Structures are given as structure tokens and as C-alpha cells.
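Please view the sequence and the structure before reading on.

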Amino acid sequence: MKKNYQDSLLITSGTVVNSLLGLGFYVLLARALNPASLGEFSFFLGIGILAAELGDWGSSNALVKFGQDNKFGQFLFLVLIQRFLISLLLFGLGIIASIWWNPGFVISAVISISLLMVSLVNYLFLGQKQYLAATSVNLGGNGFRLLAAIIFFAKDSIFNHWLYLFMGANIFSLMIFLI
């Protein structure tokens with residue numbers, strides 16, 4: 001019982017701190033960008049998040065559910081193939097949309113792919129009951145995003161730079177996983 005309580009406390013406190021780090025990033029973002037640029041940033045970020053949520057197909061929840069199963073390796077392999085194919089599709093759609101409408105759609109596609117990869121790692125840790133590792137991936141990404149925003153981008157008013165920063169933080173989270 002004590003272990004469950006500690007795990008719950010770790011996940012809850014990690015979520016609260018992660019949310020505060022994210023809030024700090026968005027406060028800096030809102031102060032740095034003019035309303036038109038903030039709207040453009042929000043649009044392309046929203047497209048990326050929506051694509052990542054739809055591209056997940058519930059596999060993240062299944063990783064948690066089947067994380068302790070005997071055939072977890074086989075299931076993980078299927079999820080990796082699914083994520084790879086979805087990533088190819090999203091990148092292709094991003095290129096097509098950027099040619100026809102706006103170059104920002106490529107950034108949205110890459111953001112969605114990076115979010116899919118980070119959620120894969122996060123839910124993989126949760127499924128294996130490695131709560132500290134899962135919390136570290138989340139905190140690492142948002143912490144890096146906020147720190148980089150404070151150091152480099154607090155006065156930058158180009159929304160694409162902020163999108164690159166958002167995407168870069170996801171890649172940083174994946175690097176934490178590799179360490």
C-alpha cells in the first residue's frame with residue numbers, strides 16, 4: 001500500500017510541476033508574440049496536437065494496460081510499426097498541406113510526430129511501472145522548453161522559432177529517455 005501511495009504522489013506532483021512549467025512557457029510566449037503571431041502559433045500547434053491525438057489510436061493506453069503482459073514485446077513491436085506508418089502519413093500530409101496552403105503545416109506534422117514519440121516513451125515507462133522515468137521525460141521536456149524560452153526566445157517575436165522550440169523540447173525529452 002505504501003508503494004502505491006508513493007507512486008501516486010510521484011505522478012501527481014510530477015504532473016503539477018510539469019503543468020506549471022508549461023504555464024511558464026505559454027506566459028512567456030504570450031508576452032513575446034503579437035496577437036497575429038500568437039494566433040498562428042496556436043493554430044499550427046493545435047493542428048500538431050490534434051494529429052498526434054488522432055494518430056495515437058489508443059495505443060498509448062494499451063501500452064499501460066498490457067505493460068506487464070507476457071507478450072508485451074510483440075505488442076510493442078506492433079505499436080512501433082503503427083507509429084512509424086502514422087508518422088510517414090503525417091509527414092506526407094504536412095508536406096502536401098504546406099505546398100497547397102502554408103509552410104507551417106510541415107512544422108505541425110513534425111510536432112505531431114515528436115509528440116507521438118514522446119507519448120510512446122512516456123506510456124512505455126508507465127506500462128512498465130517506471131513512474132520516475134515517465135515523470136522525468138515529461139519534466140525534462142517542459143523544463144527544457146521553459147529554460148530555452150527564458151534564455152533565447154523571451155524577446156523573439158517570430159512564431160516559427162517558438163514552434164521549433166516546442167518541437168525541440170520533445171526531441172530533448174526523447175534524448176533523456178536514451179540516457
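A residue counts as buried when its relative accessible area is under 20%, as exposed when it is over 50%, and as partly exposed in between. The model discussed here is predicted.

**Aromatic residues**

Phenylalanine 44 has a relative accessibility of 2%, so it counts as buried. Phenylalanine 43 has a relative accessible area of 42% and is therefore partly exposed. Phenylalanine 105, at 16% relative accessibility, counts as buried.

Across the whole structure, a search finds six aromatic pairs. Two of the pairs involve phenylalanine 43, and the table gives their geometry.

| Pair | Distance between ring centres | Angle between planes | Type |
|---|---|---|---|
| Phenylalanine 43 and phenylalanine 44 | 5.1 Å | 75 degrees | edge-to-face |
| Phenylalanine 43 and phenylalanine 105 | 5.9 Å | 85 degrees | edge-to-face |

Why is the pair of phenylalanine 43 and phenylalanine 105 edge-to-face? The planes of the two rings are at 85 degrees, and planes over 60 degrees apart count as edge-to-face. This pair links distant parts of the chain, since phenylalanine 43 belongs to helix α2 and phenylalanine 105 to helix α5 (residues 104-127), 62 residues apart. Phe43, Phe44 and Phe105 also belong to one aromatic cluster, together with Trp100 and Trp101.

**Helices α1 and α2**

Helix α1 covers residues 2-32 and helix α2 covers residues 35-56. The axes of the two helices come within 10 Å and cross at roughly 140 degrees. That angle makes α1 oblique to α2, because only angles over 145 degrees count as roughly antiparallel.

Which residues of α1 and α2 meet? From α1 they are Phe25, Tyr26, Leu29 and Ala30, and from α2 they are Leu38, Phe41 and Leu45. The residues of this contact of α1 with α2 comprise seven nonpolar, no polar and no charged.

**Glutamine 82**

Helix α4 (residues 72-100) contains glutamine 82. Is glutamine 82 buried or exposed? Its relative accessible area is 14%, so glutamine 82 is buried.

Leaving aside residues up to four places away in sequence, glutamine 82 touches Gly55, Asp56, Trp57 and Ser59. One of these, aspartate 56, has its backbone oxygen 3.3 Å from a polar atom of the glutamine 82 side chain.

How values were computed: Residues are numbered from 1 along each chain as its sequence is written. This is a predicted model: local features need pLDDT of at least 70, side-chain atom pairs count only at pLDDT 80 or more; totals for chains, interfaces and linings use all residues. Side-chain values use heavy atoms; hydrogens and water are left out. Axes are lines fitted to C-alpha atoms, for helices over the stretch in contact, and angles run from 0 to 180 degrees between N-to-C directions. Helices (H or I, at least four residues) and strands (E, at least two) are DSSP runs, numbered from the N terminus. Angles under 35 degrees count as roughly parallel, over 145 as roughly antiparallel, 65 to 115 as roughly perpendicular and the rest as oblique. Contact means heavy atoms within 4.5 Å. Ala, Val, Leu, Ile, Met, Phe, Trp, Tyr, Cys and Pro count as nonpolar, Asp, Glu, Lys and Arg as charged, and the others, Gly among them, as polar. Rings of Phe, Tyr and Trp (its six-membered ring) pair if their centres lie within 6.5 Å; planes under 30 degrees apart count as stacked, over 60 as edge-to-face and the rest as tilted. Buried means under 20% relative accessible area, exposed over 50%, partly exposed in between (1.4 Å probe, protein chains only). A polar contact is a pair of N or O atoms within 3.5 Å; within protein, one must be able to donate a hydrogen and the other to accept it, and residues adjacent in sequence count only if both atoms are side-chain atoms.
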